[in-house]
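Subject: Structure for your review

Dear colleague,

Please find the structure below, together with an account of what was found in it. I would be grateful if you would read the two side by side.

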Amino acid sequence: LGYDDDDAYWQHEHNHQLNVTNATVPVNFVSIRKDLRDRPSRIPFNELCRAAFEHGATYIVRINDDSEFITPGWITAAIQTLESYSPPNVGVVGPTCKE
């Protein structure tokens with residue numbers, strides 16, 4: 001889980017534990033400093049992908065902080081979809097938005 005280094009909520013280790021208590025996959029936390037002088041709206045996605053790779057991640061899940069998970073087993077379904085592709089595990093899967 002990547003977060004801005006100045007995020008007041010994620011700076012506290014207690015909040016890390018609150019949010020992974022029922023996790024069915026390993027979760028690592030990475031604090032990323034955004035350099036607002038050069039590119040104020042830049043999202044440090046490359047740094048987060050590098051950290052995921054270094055932690056041994058098999059998959060990367062990119063979500064926004066306003067996402068709500070309402071479907072049980074969504075990550076298993078997404079992985080099964082990726083594995084079914086030819087070649088397997090090359091592609092992107094995502095939710096359906098009915099708005």
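A nonpolar patch on the surface is formed by V61, I63, F69 and W74, which together have about 360 Å² of accessible area. Areas come from the Shrake-Rupley method with a 1.4 Å probe. F69 is partly exposed, at 46% relative accessible area (buried is under 20%, exposed over 50%, and partly exposed in between).

This is a predicted model, in which local features need pLDDT of at least 70 and side-chain atom pairs pLDDT 80 or more, while totals for chains, interfaces and linings use all residues. Residues are numbered from 1 along each chain as its sequence is written, and side-chain values use heavy atoms, without hydrogens and water.

The protein chain has three helices and two strands (DSSP runs of H or I with at least four residues, and of E with at least two). From the N terminus their order is β-α-β-α-α. Of its 99 residues, 13% count as buried.

The largest pocket has a volume of about 1,900 Å³. A pocket here is an open set of points on a 1 Å grid where a 1.4 Å probe fits, with protein on both sides within 12 Å along at least five of seven lines; lining residues have an atom within 4 Å of a point. Among the 49 lining residues, L1, G2, V27, V61 and I63 are the closest to the centre of the pocket. V61 and I63 also belong to the nonpolar patch. Two or more lining residues come from each of β1 (2-4), α1 (13-20), β2 (30-32), α2 and α3, and α2 gives the most, with five.

There are three aromatic pairs, counted where ring centres of Phe, Tyr and Trp (its six-membered ring) lie within 6.5 Å; planes under 30 degrees apart are stacked, over 60 edge-to-face, and the rest tilted. The Y9 and W10 rings are edge-to-face because their planes stand at 90 degrees, with centres 5.0 Å apart. Y9 is partly exposed at 37% relative accessibility, whereas W10 is buried at 15%. Y3, Y9, W10 and F29 make up one aromatic cluster.

Yours sincerely

Note on methods:
Buried < 20%, exposed > 50% of the residue type's maximum accessible area, 1.4 Å probe, protein only. Patch = residues over 30% accessible without salt bridge, like charges linked within 9 Å, V, L, I, M, F, W, Y side chains within 5 Å. Salt bridge = Lys/Arg side-chain N within 4 Å of Asp/Glu carboxyl O. Points joined across faces, edges and corners; volume = space filled by probe spheres on them.
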